[in-house]
Amino acid sequence: MSGAVLLGHGLLVASALFAIGLVGVLVRRNLLFQLLSIEIMLNAAAMAFVIAGARWGVADGQVMFVFILVMAAAEVAVGLALLLRISRRVPDLDGDAVSGMGG
Amino acid sequence: MGELLRSLPLWLVPTLPAAGFLVLALAGGRLPRRRAGTVGVGSVGLSAAVTLGIAAGFLDRPPEGGLRVETLWTWIDIGAFEIGFNLALDALSLVMIFVVTFVGFLIHLYSTEYMADDEAYSRFFAYMNLFVACMLMLVLADNLFLLYLGWEGVGLCSYLLIGFWYSDPANGAAARKAFIVTRVGDTAMAVALLLLFKHAGTLDIRQAMAWATASWPVGSGMAVAVALLLLGGAVGKSAQLPLQTWLPDAMAGPTPVSALIHAATMVTAGVYLIARTHAVFLLAPQAMTAVAIVGAATLLLAGCSALVQTDIKRVLAYSTISQIGYMFLGLGVGAWSAAVFHLMTHAFFKALLFLGAGAVILALHHEQDIFRMGGLRRRLPAVFWTFLAGAASLAALPLVTAGFFSKDLILWAAWGSAAGCRWLWAAGAFGALLTTVYSFRLVFVVFFGDEKGHVGHPPGPRIVVPLTVLAALSIVGGFVETPGWLGHVTWFTDLTGQTLPAVDWAVEDHHVEHLLQMVVAGITLVGVLAAWLLYVRRPALPAAIKASAAGAWLARFWLSGWGFDALYDRIVVRPFVACAARLRRDPIDRIPAVLAATAAAGNAALSRTQDGRIRSYVFGIGLGAVIAVAIVVLT
């Protein structure tokens with residue numbers, strides 16, 4: 001399989017993953033699932049880095065993947081902590097119900 | 001010793017009160033009252049001590065050219081517009097700083113007792129110190145820009161202190177009136193400074209005056225314009241016709257303020273300004289005549305008004321206007337030194353009279369109506385004797401008072417100088433009669449007759465000592481300059497002669513001088529006699545005059561200060577207020593209103609998108625990203 005084909009297919013998969021994640025954030029109302037969807041989007045972006053790194057044969061893509069992994073871990077830590085707090089107030093974790101900051 | 005005194009820095013004089021102001025303004029509320037008073041009095045006292053040292057050094061051996069300049073720093077430097085922060089001391093400013101710091105110190109000392117029960121004790125001393133600092137800046141400035149800084153500074157302090165008891169709206173109104181009326185004059189003065197800068201290219205007083213003398217011929221239009229505009233500034237600050245209306249109302253402030261600002265120092269700043277810029281006035285004989293006529297008219301008008309006032313402080317206020325009229329008369333006939341001499345003696349006796357009036361007011365539980373006083377001679381002997389000394393000096397009782405020598409010098413110049421004429425002398429002489437009658441009316445009504453009020457607060461030492469010192473000065477302060485047949489002391493004229501030109505005499509005949517002195521002395525004695533007759537011997541007589549139709553009308557007319565307030569109300573205030581009321585609904589105001597409404601509508605629309613839901617924000621971000629990518633890809 002040539003590099004161009006790998007790149008094309010790989011990016012297609014990444015885009016599909018990203019789209020699934022985005023749709024997930026948009027349509028799910030449960031905050032836990034929105035968080036999961038964001039993880040999927042992050043992984044899609046990370047996968048695009050890895051594929052691009054493989055296409056040009058450099059390690060930068062994988063370095064970026066590690067960065068994104070760390071960031072995702074941090075984000076989950078903060079996100080889950082917030083979720084725990086919110087679950088006290090909104091037991092079913094309905095994201096739309098947490099709109100008190102609306103103008 | 002002389003070297004040491006001459007090396008005393010000039011900048012200390014205004015800096016000490018300024019430092020006192022800063023301390024009181026920043027920490028005043030937290031200082032104990034006693035310490036606030038110490039700071040307030042001490043800063044001015046130290047300044048007075050430094051001034052005495054500097055004066056001793058100056059008199060011991062005057063600096064070269066009678067002038068000592070101290071260059072501090074460059075204040076503003078924009079192209080050709082360069083203003084230095086420099087102080088200059090010559091004979092004229094020496095007299096002024098002596099009066100300001102010395103009389104100022106006595107009044108501060110007096111205030112510690114007068115204001116003792118006031119809540120805003122430290123605020124009072126902060127304002128007073130700021131005033132002294134600004135006034136010293138005004139008289140020590142070596143350029144007109146710096147002088148203007150001090151000029152506006154004292155105006156601000158005057159405003160703050162007239163409205164000192166601001167919880168009464170009437171006091172606030174009096175303060176605003178003083179500020180706005182003097183602003184009319186200040187604007188004229190600012191225009192004069194701009195004109196001078198445009199033509200001379202400098203605001204340095206000595207350079208600008210030298211330039212004007214060299215470049216403008218006598219009577220040239222520009223010189224007359226500048227002189228008249230400067231006169232406008234002086235008229236506003238010194239409460240002369242037609243801007244005199246603010247001073248009687250300014251009595252709303254505490255009495256020490258009236259003594260310091262509205263009698264002894266600030267209101268004489270106009271006299272100082274004209275004396276300082278005398279070179280321009282010498283180039284404009286028309287403006288000189290205007291100064292003399294303004295002075296003569298003011299002294300007569302204010303003298304008449306003082307005759308019928310019943311508030312003790314308003315009598316003194318009108319007499320201040322009238323006495324400054326004498327100074328203007330002196331300036332107008334070219335008797336510069338005599339005007340400054342009268343300024344000095346007036347500062348002594350008028351500060352004394354105000355402080356004495358304050359002691360009486362305090363003793364009678366803030367009673368100011370003279371017809372509810374009476375018989376205080378026995379109750380308040382110290383106040384009586386010092387007040388008598390002040391009133392005698394104001395009335396210019398011959399030989400024994402300072403006021404006699406200074407007023408005599410002005411009157412003789414009004415007759416005998418090249419710019420003088422008999423009418424000006426006659427106005428001054430008639431004014432002398434009015435002065436005597438109203439000053440002794442005060443003495444007789446307040447201190448003689450039956451006791452009417454209860455004396456509550458006898459004056460303490462901090463009131464009596466300043467009164468005594470000022471009374472002594474009001475008596476002996478005139479012996480620095482005596483007429484030819486009486487020792488012929490010319491010490492004061494010799495001193496100011498280093499800075500101010502001598503009188504241009506047209507009549508040299510000393511017999512005429514002596515005759516006129518006799519006439520004025522006679523007028524004064526007649527005045528005392530008339531006051532005694534009217535207010536002690538036949539108290540029914542003034543009442544009868546007041547009861548007649550013409551007398552009642554005249555009394556009302558003079559009580560209101562010749563109806564100037566009503567006139568200005570009609571021709572200036574009301575049209576202005578009507579104009580402002582109309583402009584409130586200005587159609588032009590709608591244009592900015594449309595802008596504001598658009599912004600408000602836009603805000604409402606955009607704030608609706610902020611619904612607080614994460615999903616819609618994500619949608620917005622996603623849509624934005626898609627659009628951004630589309631723009632990059634498709635273009």
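The following legends describe close-up views of a predicted model. Residues are numbered from 1 along each chain as its sequence is written, and chains are lettered from A and ligands numbered from 1 in the order in which they are written. In this predicted model local features need pLDDT of at least 70, side-chain atom pairs count only at pLDDT 80 or more, and totals for chains, interfaces and linings use all residues, while side-chain values use heavy atoms, with hydrogens and water left out.

**View 1. The interface of chain A and chain B.**
In this view 14 residues of chain A are in contact with nine residues of chain B, contact meaning heavy atoms within 4.5 Å. The two chains bury about 930 Å² between them, 58% of it on carbon and sulfur atoms; buried area is the accessible area (1.4 Å probe) that two parts lose on being put together, summed over both. Two residue pairs, both at pLDDT 80 or more, are in polar contact across the interface. A polar contact is a pair of N or O atoms within 3.5 Å; within protein, one must be able to donate a hydrogen and the other to accept it, and residues adjacent in sequence count only if both atoms are side-chain atoms. On the side of chain A that touches chain B, the elements giving two or more residues are α1 (3-27) and α2 (31-56) of chain A. Of these, α1(A) gives the most, with four residues. Helices (H or I, at least four residues) and strands (E, at least two) are DSSP runs, numbered from the N terminus. The residues on this side of chain A comprise seven nonpolar, four polar and three charged. Here Ala, Val, Leu, Ile, Met, Phe, Trp, Tyr, Cys and Pro count as nonpolar, Asp, Glu, Lys and Arg as charged, and the others, Gly among them, as polar.

**View 2. The salt bridge between the chains.**
One salt bridge is counted between chain A and chain B, the term denoting a side-chain nitrogen of Lys or Arg within 4 Å of a carboxyl oxygen of Asp or Glu. It joins the side chains of B:R615 and A:D96, at 2.8 Å from N to O. A network of salt bridges links A:R29, A:D94, A:D96 and B:R615.

**View 3. Salt bridges within chain B.**
The whole structure holds 13 salt bridges over all chains. One of them pairs B:R183 with B:E152 at 2.3 Å, N to O. This pair links distant parts of the chain, with B:R183 in helix α7 (residues 169-200) and B:E152 in helix α6 (residues 144-162) of chain B, 31 residues apart. B:R183 counts as partly exposed because its relative accessibility is 22%; buried means under 20% relative accessible area, exposed over 50%, and partly exposed in between (1.4 Å probe, protein chains only). B:E70 and B:R68 also form a salt bridge, their closest N and O atoms being 3.4 Å apart. B:E70 counts as buried at 15% relative accessibility, and B:R68 counts as buried at 17%. A further salt bridge joins B:E367 and B:R372, with the closest N and O atoms 3.5 Å apart. B:R372, at 51% relative accessibility, counts as exposed.

**View 4. Helix α11 of chain B.**
Ten of the ten residues of helix α11 (residues 255-264) of chain B are buried, so the helix is largely enclosed by the rest of the structure. Among them are B:V257, B:L260, B:I261 and B:H262. The buried residues of α11(B) pack against α4 (91-114), α5 (121-140), α6, α10 (246-249), α15 (312-332) and α16 (336-363) of chain B.
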